[in-house]
Each structure stands twice: as structure tokens, then as C-alpha cells.
Amino acid sequence: MRFKIARAVLIALVGTGAYVSVALLFASSASAQSSSCAGPVTSAPTGPATVSAASTSFGRVLVVGSGPNAGCSLYLLTSDQLHTLTGAPYACSDNQNVRGKPCDTVLWPALLTNGAPIAGPGVNPRLLGTVTRTDLGLPGVSSVQQVTYAGQPLYRFFRDETPGETEGANLNDPVTTPAGIWYLLNPRGATPATGQAELDLETAPIDGTGPEQTVLAATMNNDYSQFPNASFPVYTLSRGAGRWSGHVRSNGSGRDSACEGQCAVFWPPVLTSGRPEAGPGVDQRGIGVIVRPDRTQQVIYHGRPLYLFNQDAYIGGASPVGTQGIYGAGALTPSGVFNTIPPLP
């Protein structure tokens, strides 16, 4: 993932109940409606969906395997995990949001199926499944089956107008409830296909309006045309007065993560599909990875596992959502205290 220093302080707050104009969001609606990937879900499916694999700059990823959306990228949403853990509503549903458009049928159209989904080339049929959705709000449809892979519901993205586009890759999304990260999915490992992570520095105001502080950051939104390569603060987790949680592995490769389950929904780990890279002001020698219980690779810095905070998610550009800021510094949670990391001296 590439990083940049984001400097503009945005003014639209998430969760205020005020809708941001969606005119710019759908500026290319004419072309989107006629494209093969960006069209919304408007009715129940008439047959089984097919899921295949394709090569991208993020590695092999899942795509729609047949029909009018063939070749379109498929994504998972990290905060959907809260439904699995607690039975809470899906993070991407037809509930009202700041964009004023349903998440699961327009912004991130759910991949639906009528019958068991079919495994195309490169896809493990044992990992394909379905989940019943009753919250899509389709006219005359009370329930429908959404395709899952390794238990993860799959979606398209309305800005992927043609097959092969990956605008939704690593997108830190403040529109869903709760906010979450959209990832492409590796068909072989059934894990997020994140590509190579990078760490850089970001200067942002504390709590969105306070004094600015420069901290270690991770950049998401790699290919998102409206707000590409945006940086977000990263945090470490400690217990008590500065004692780092986790423990050094016997092979000296790093520390085990102490934030899993519900903790990881709100404090997503910084993930990578290869050795992370360092931007200016970041010590390349201090960067490494650990393997989490779900087989994802989490970035560590000087032995400390790194996390994002979902309330830091925002989108800048011409149609902003949220405000740039460092909202998680010093947060006391059941898992411990999250702290930012200052630049090297």
C-alpha cells in the first residue's frame, strides 16, 4: 500500500444524521448504469452465482465468474464480522447512511445467488457458501441468499465500472455502521489480499479539532479515485503504564497480537500480503510481520503490532465524509490502552 501525508481538515461529520449531497458521488452515473460492474442490485437473482479468480496488482483475487457482472472484483467488509460475533445487523445494509443510498444494493451491491454458488477456476468450492439476508430492501423480496467465501459475505463496488478495476481495495470506509475496511479476497488463503503495506508519517489534529500531531500512519484507499492513498494513524496496544501487550515469539519474529474478535472490529490490524515498506521518517529495520490466528499477516513496528481505529476513517476530496483526525490516542479499552507512535527522533 502507498502512503501520503493528508493535510486537509474536512468538515462533514459522520453520524450527525445530516446527509451529504450525493451529486458528486454519482457524477458518472450515466456511464455507471450502463457498465458491467457498477450497476445496483434491483431484484432477486434468477440462478446460481459463479465465483472465479483473477490476477491483479494485489495478487489473485475473487471476481464474479459469470453473467453481466463477470470479471468484477469482489470484496469483504471487516466490520461485517460484528454480525458473526454478536448477531448485530450487517455493517453494509439498506439502513440510512451519510451518502443517502443503500449500502448493500447501490454502493456495495451484494453478490446474490439462487441456489448453491458455483466455483469457477481458481476457487475452492468448499469455501463457498451462503447467508440469508433479510435487510436488502428489494421490492417484494423478504429474504435472499448472499454468497460467502470462508464465511465472509461478498460485495461489488459501484465505482468499479469495468472488470479488473479495484477502486474498493483497502478502502477505509466511514459510511458503513460500524465503519470498516473493504478488502479484496485471496481465493487460496481465504484472507484479505492487501498487497504490500507501507508505513509513513501523517500530520493530523487530535480529535479532529485540536492541535496537530505527527504520528506513524498507514495508507489505505490505494486505487480509490476520489481519495487515493490516504493516510490514517496507527496505534499500538499496551496494558497498564506503558507495558506492551503480546509477547515475543520464541523464534524472535515479533509479538503476538492481543486484539482479536470484537476488539479487531473497532481496531483493525494493519495487514500486509508481503514485507511492508517504510516511507520517509520511518525505520525500515523496525518493520516486520506476525501471523495472526486467522492466518493474516499483521505489520509490527519495533516488535509492536499495529492497529487502525475505525473512528479515524474518513473520505476527503470533492464529496467528503468525516473529518481527518487522531481520535484513538490514549483510548482505554477492555484490551488495554491504544497509543500513537511519534516520528523517529
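Here is a walk through the fold, from the whole chain down to a few single residues.

This is a predicted model, in which local features need pLDDT of at least 70 and side-chain atom pairs count only at pLDDT 80 or more, while totals for chains, interfaces and linings use all residues. Residues are numbered from 1 along each chain as its sequence is written, and side-chain values use heavy atoms, with hydrogens and water left out.

Let's begin with the overall picture. The protein chain has four helices and 23 strands; helices (H or I, at least four residues) and strands (E, at least two) are DSSP runs, numbered from the N terminus. Of its 345 residues, 54% count as buried, where buried means under 20% relative accessible area, exposed means over 50%, and partly exposed lies in between (1.4 Å probe, protein chains only). The accessible surface comes to about 14,000 Å², and 53% of it belongs to carbon and sulfur atoms; these areas come from the Shrake-Rupley method with a 1.4 Å probe, and for residues only the protein chains shown count as cover. A contact means heavy atoms within 4.5 Å. Among contacts in the protein chain with a separation of 6 or more, 68% are between residues 24 or more positions apart.

Now to the strands. Strands of a sheet pair through backbone hydrogen bonds, either parallel or antiparallel. Here, two strands count as paired if DSSP finds at least two bridges between them. Strand β1 (residues 50-56) runs antiparallel to β2, and six bridges connect the two. If you look at threonine 56, you will find glycine 59 of β2 as its bridge partner.

Strand β15 runs antiparallel to β23 and is joined to it by four bridges, with threonine 236 standing opposite asparagine 339. Strand β22 is also antiparallel to β23, through three bridges. A hairpin of two residues leads from β22 to β23, and here threonine 333 stands opposite glycine 336.

A nonpolar core is a set of buried Ala, Val, Leu, Ile, Met, Phe, Trp, Tyr and Cys residues joined through side-chain atoms within 4.5 Å. The largest one has 68 residues, and those with the most contacts inside it are Val51, Trp108, Leu154, Trp182, Leu199, Leu216 and Leu306. Its largest share, five residues, comes from strand β10 (residues 180-185). Leucine 216 touches, among others, Leu199, Pro233, Tyr301, Leu306 and Ile341, leaving aside residues up to four places away in sequence. A second, separate core has 11 residues, including Ala204, Cys259, Trp267 and Phe338.

Aromatic rings deserve a look of their own. Rings of Phe, Tyr and Trp (its six-membered ring) pair if their centres lie within 6.5 Å; planes under 30 degrees apart count as stacked, over 60 as edge-to-face and the rest as tilted. The whole structure holds 13 aromatic pairs. In one of them, tyrosine 235 and phenylalanine 309 have ring centres 6.4 Å apart and planes at 80 degrees, so the pair is edge-to-face. Tyrosine 235 lies in strand β15 (residues 235-239) and phenylalanine 309 in the loop between β21 (304-305) and β22 (331-333), so this pair ties together parts that are 74 residues apart in sequence. Both tyrosine 235 and phenylalanine 309 are buried. Elsewhere, ring pairs link Tyr75, Trp108, Tyr155, Phe157, Phe158, Trp182 and Tyr224 into a cluster.

Finally, some backbone details. Most residues other than glycine have a negative phi, and most peptide bonds are trans. Threonine 177 and proline 178 are joined by a cis peptide bond, with omega about -5 degrees, and proline 178 lies in the loop between β9 (171-173) and β10. Asparagine 221, in the loop between β13 (212-220) and β14 (230-233), has a positive phi of about 55 degrees and is buried at 0% relative accessibility. Arginine 295 has a positive phi of about 75 degrees, but this residue is exposed, with a relative accessible area of 58%.
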